[in-house]
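This report goes through side-chain interactions and local backbone features of one model. The sequence and the structure come first.

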Amino acid sequence: MADLLRLLLRVAEKAATVARVCRQEAPLFQLLVQEKTGDDKNKKFVQDFKTLADVVIQELIRHDVGAQFPEMVGFIHGEESNKFENGLGESVTVTVCSTEERTAQLLASVLDGDTAAAALLAGAIHRDPASIQVDTEGLAPLQLSPSELAIWIDPIDATSQYIEGREEAPQRDHLSPSGLHCALVLIGVYLRSTGEPVMGVINQPFNSKEPVCGRWRGTHYWGVSHGGVNVCSVSRPDPGPGGELGPTVVLSSSEKEAVKRSLLRLCGSERLMYASGAGYKVLCVILGLADAYVLSEGSTFKWDSCAPHALLRALGGGVVDLSRSLESGCGAGVELTYHQPLCGGKGAERWANHGGLVAYRDAAQLQRILAALKPSS
């Protein structure tokens, strides 16, 4: 498990490098943000360059993990398909090749011969990041084999914020409602047998900007939780305030009005906050910037929640299915699992968190939130 954690931290940093390169290098940035008009609408590589950036990140993670842990090949899942159609109508499967030159050639075939953009992407894919120091001593008691594990990858969570690229400076100890800070690389590990999330790595590629050169620097977070072992790079936050104050809750701006009204009665207007990106909203809970994240819609997926769920478990919290938790009536939440698709679902919907969710740090706060959201409350 220590070796797997070190590898995931390394590949997440490689993924973050690709995300930054796509915004910092002119040939890639133009493809990323250009307006899709006229004949360009018929060119899938232009129309979906943002998807290609996602796929490149997903495939580099899949390639590197499979190379070190071959027993996990076939159990590394991602949000995106890796098949593209170029401007000539040719189907191209995006993979990471054995050399940078071969990867550049393959990407050029997707990008209709744009060798400059292909070379930049291939260089980022094959460039090893600086070593990441991590204390794994606390993982020694874990008796898990890679053959028991599977992975969910969200290559760039909050893609719309990544594409739009607003560089809003966050205030210290406050969440960022929108902007590049909300874009995250998420890698979650779960047990194949039960779907329990056991390890999560979160990389925030756009955490701070160097004042002189203007280049972005990232940061990362990780957590492991299984069998009584709970280790996290984030310190366990202090409990939220008690007394008359309700929990601080982060929501999507599109949340249902009925949910907002129920939480308003519990929290008060000053303790309801809004932010973009499912992964980022859970990260706000992990970092103690909010007590909980509530979502009543089934608009998130297993790849959104698996990685941050593992970190919350390591901190004594979790992520529950909102609908099932309200139906259970026992006051405790029903935790999300990650191994079984929705029966009868199609495509990505098979892996949606259909019942909505609540991400929380403290079980007492979860119970207050569930009580406030019950139809009879």
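Glu 13 and Arg 20 form a salt bridge in which the closest N and O atoms are 2.9 Å apart; the term covers a side-chain nitrogen of Lys or Arg within 4 Å of a carboxyl oxygen of Asp or Glu. Glu 13 is buried at a relative accessible area of 16%, and Arg 20 is buried as well, at 10%. Here buried stands for under 20% relative accessible area, exposed for over 50% and partly exposed for values in between, with a 1.4 Å probe and protein chains only. The model is predicted: local features need pLDDT of at least 70, side-chain atom pairs count only at pLDDT 80 or more, and totals for chains, interfaces and linings use all residues. Residues are numbered from 1 along each chain as its sequence is written, and side-chain values use heavy atoms, with hydrogens and water left out.

The whole structure contains 13 salt bridges.

| Glu 13 | Arg 20 | 2.9 Å |

Helices (H or I, at least four residues) and strands (E, at least two) are DSSP runs numbered from the N terminus. Glu 59 is buried at 6% relative accessibility, whereas Arg 62 is partly exposed at 26%.

Arg 313 is partly exposed, with a relative accessible area of 23%. Elsewhere, salt bridges link Arg 10, Lys 14, Asp 64 and Asp 128 into a network.

Helix H10 (residues 302–314) also holds Ser 305, which is buried at 3% relative accessibility. The side chain of Ser 305 makes a polar contact of 3.1 Å with that of Tyr 338. A polar contact is a pair of N or O atoms within 3.5 Å; within protein, one must be able to donate a hydrogen and the other to accept it, and residues adjacent in sequence count only if both atoms are side-chain atoms. Leaving aside residues up to four places away in sequence, Ser 305 touches Leu 336, Tyr 338 and Asn 353, where contact means heavy atoms within 4.5 Å.

Tyr 338 has a charge over its ring too: Lys 302 lies over the face, at 5.4 Å from the ring centre. The criterion is NZ of Lys or CZ of Arg within 6 Å of the ring centre and within 35 degrees of the ring normal. Arg 23 lies over the face of Tyr 162 at 5.9 Å from the ring centre.

Aromatic pairs number 5 in the structure. Rings of Phe, Tyr and Trp (its six-membered ring) pair if their centres lie within 6.5 Å; planes under 30 degrees apart count as stacked, over 60 as edge-to-face and the rest as tilted. The ring centres of Phe 206 and Trp 216 are 5.7 Å apart and the planes stand at 85°, so this pair is edge-to-face. It links distant parts of the chain, with Phe 206 in strand S6 (residues 197–209) and Trp 216 in strand S7 (residues 216–226), 10 residues apart. Both Phe 206 and Trp 216 are buried. Trp 152, Phe 301, Trp 303 and Trp 351 are linked by ring pairs into a cluster.

S7 runs antiparallel to strand S8 (residues 229–232), with 4 bridges joining the two; strands pair if DSSP finds at least two bridges between them. Gly 223 stands opposite Cys 232 in S8. The hairpin of S7 and S8 has 2 residues between the strands, and Gly 227 there takes a positive phi near 55°.

Helix H9 (residues 278–286) is mostly covered, with 9 of its 9 residues buried. Among them are Tyr 280, Lys 281 and Cys 284. Just after H9, Gly 288 takes a positive phi of about 80°.

Ala 372, in helix H12 (residues 363–373), is buried at 13% relative accessibility. The C-alpha atoms of Ala 372 and Arg 261 are separated by 9.8 Å, while the two residues are 111 residues apart along the chain.
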